[in-house]
Amino acid sequence: MTNFLKCNRQPERNTSTKVTSEWEPTKEVKEVVLNNMTKTTKEEEDRLKGITIYSDFNQKYILSLVDGHLKLANYNRNGADMKYYNLHDNAISIGVQQSIDRIAFPDKKFSCVPLQVEPFGGYIFKYRTEDDVDCFIRLYVTGYKLDSNDSLKSITVQYNLMDTK
């Protein structure tokens with residue numbers, strides 16, 4: 001895991017950030033705190049809570065921080081219930097950035113591997129709407145909290161929908 005204790009650089013903050021407890025994907029930059037969760041068994045994965053970034057009748061995408069890794073899980077309707085669906089290629093780590101505005105599409109392919117969090121890291125996640133439109137969200141880690149054992153407790157991220165034009 002990245003050594004969060006050695007990181008003392010301050011990020012460039014987007015001053016128009018709106019702090020919210022609702023994930024409302026728009027082009028406006030917003031900020032949210034993701035609590036780190038520990039997954040101990042596969043069955044617990046269904047009970048993990050994160051932030052719902054997209055939901056329609058047949059599918060739901062939930063962003064979460066699990067064991068220090070960011071992941072965008074896809075849930076599909078199976079009968080009456082939403083069931084976890086294998087991750088598809090929907091994540092890219094951009095590396096350490098100065099601000100959310102500097103996160104752009106790299107010459108890399110999307111991966112289905114959950115991404116290890118690093119201070120001031122930039123990430124892009126992809127999801128598909130019910131109209132088969134691909135949407136892209138960029139995230140920038142602006143802060144973090146450690147627990148009494150110096151383990152990662154939570155991260156603060158800025159996020160917004162990317163313009164793909």
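Helices (H or I, at least four residues) and strands (E, at least two) are, throughout this talk, DSSP runs numbered from the N terminus. The model is predicted, so local features need pLDDT of at least 70 and side-chain atom pairs count only at pLDDT 80 or more, while totals for chains, interfaces and linings use all residues. Residues are numbered from 1 along each chain as its sequence is written, and side-chain values use heavy atoms, with hydrogens and water left out.

I begin with the overall fold. The protein chain has one helix and 11 strands, and along the sequence these follow the pattern β-β-α-β-β-β-β-β-β-β-β-β. Of its 165 residues, 44% count as buried, where buried means under 20% relative accessible area, exposed over 50% and partly exposed in between, with a 1.4 Å probe and protein chains only. The chain exposes about 9300 Å², of which carbon and sulfur atoms supply 46%; accessible areas come from the Shrake-Rupley method with a 1.4 Å probe, and for residues only the protein chains shown count as cover. Among contacts (heavy atoms within 4.5 Å) with a separation of 6 or more, 53% are between residues 24 or more positions apart.

I turn next to strand E4. Which strands pair with E4, given that two strands pair if DSSP finds at least two bridges between them? Strand E2 (residues 30–37) runs parallel to E4 and is joined to it by two bridges; here Asn 36 has Leu 65 of E4 as its bridge partner. Strand E3 (residues 51–55) pairs with E4 in the antiparallel sense over four bridges, and Ser 55 is partnered by Lys 60 of E4. E3 and E4 form a hairpin, with three residues between them. E5 is also antiparallel to E4, with eight bridges joining the two, and in E5 Leu 70 is the bridge partner of Leu 65.

The loops bring me to backbone geometry. Most residues other than glycine have a negative phi. Asp 67, in the loop between E4 and E5, has a positive phi of about 50° although it is not a glycine. Two residues lie between the strands in that hairpin, and Asp 67 is partly exposed, with a relative accessible area of 34%. Asp 132 likewise has a positive phi, of about 60°, without being a glycine. It is placed in the loop between strand E9 (121–128) and strand E10 (134–146). Is Asp 132 buried or exposed? At 59% relative accessibility, Asp 132 counts as exposed.

A search of the whole structure finds two cavities of 30 Å³ or more. A cavity is a set of points on a 1 Å grid over the protein atoms alone where a 1.4 Å probe fits but cannot get out, and its lining residues have an atom within 4 Å of a point. The second largest cavity has a volume of about 40 Å³, a volume being the space filled by probe spheres set on the points. Of the 11 residues that line it, the closest to its centre are Lys 71, Leu 72, Asn 90, Ala 91 and Val 113. Strand E5 (residues 69–78) gives the largest share of this lining, three residues.

Notes. On a 1 Å grid over the protein atoms alone, a cavity is a set of points where a 1.4 Å probe fits but cannot get out, and a pocket is an open set with protein on both sides within 12 Å along at least five of seven lines; lining residues have an atom within 4 Å of a point. Two strands pair if DSSP finds at least two bridges between them.
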